Amino acid sequence: MRRVIALLLAVLLILPPLAADPIEYEYEPYTEEEFPIWSHELRRAESIFFGSLVITFPVAMGVYSLASMMGMPGPTEEYQQVLIQAGIAAGLSLIIAGTDWILGKVGN
């Protein structure tokens, strides 16, 4: 039974690539006129927002934990604490992305 299953899995993994059609077209990069300016700005803001979450989330967790140890009142449920920390981190990331957008507008 194991040999049959192994053979079936091997056939299912080997045959699809053999039957696939080769790619017959060349990659064509996007042109600058293909997308409006606001979509480029939105993409940049999105990248900065989610990229800065890597830094702001641990910072928000640390500040929240420090404030809780110093006596700040807050929810007792752990999921509520995580939601508050995520909200703080998202707010900080939004400020960073907004600041970058404003500096880009002022610099132009």
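A salt bridge is counted here when a side-chain nitrogen of Lys or Arg lies within 4 Å of a carboxyl oxygen of Asp or Glu. The exercises below apply to a predicted model.

**Exercise 1.** Find how many salt bridges the rule gives, and work out which residue pairs with K105 and where the two partners sit.

*Solution.* Begin with the general idea that side chains of opposite charge can pair when their charged atoms come close.

**Exercise 2.** Describe how helix α2 and helix α3 cross, and which classes of residue make up their contact.

*Solution.* Take the axes of α2 (residues 37-69) and α3 (residues 78-107), which come within 7 Å of each other and cross at roughly 140 degrees. Because angles over 145 degrees would count as roughly antiparallel and 65 to 115 as roughly perpendicular, α2 is oblique to α3. The handedness of this crossing is right-handed. Sorted by class, the contact between α2 and α3 holds 18 nonpolar, 5 polar and 4 charged residues.

**Exercise 3.** Characterise the largest pocket by its volume and its lining.

*Solution.* Start with the volume, which comes to about 150 Å³. Next consider the lining of 10 residues, of which E41, R44, D100, W101 and G104 are the closest to the centre of the pocket. The elements that contribute two or more residues to this lining are α2 and α3, and α3 provides the largest share, with 6 residues. By class, the lining divides into 4 nonpolar, 2 polar and 4 charged residues.

Notes. Residues numbered from 1 in each chain as written. Predicted model: local features only at pLDDT ≥ 70, side-chain atom pairs only at ≥ 80, totals over all residues. Heavy atoms only, no water. Axes fitted to C-alpha atoms, helices over the stretch in contact; angles between N-to-C directions. Helix = DSSP H or I, 4+ residues; strand = E, 2+ residues; numbered from the N terminus. Parallel < 35°, antiparallel > 145°, perpendicular 65-115°, else oblique. Left-handed = near helix turned anticlockwise from the far one by under 90°. Nonpolar A, V, L, I, M, F, W, Y, C, P; charged D, E, K, R; others polar. 1 Å grid on protein atoms, 1.4 Å probe; cavity = no way out; pocket = protein on both sides within 12 Å on 5 of 7 lines; lining within 4 Å. Points joined across faces, edges and corners; volume = space filled by probe spheres on them.
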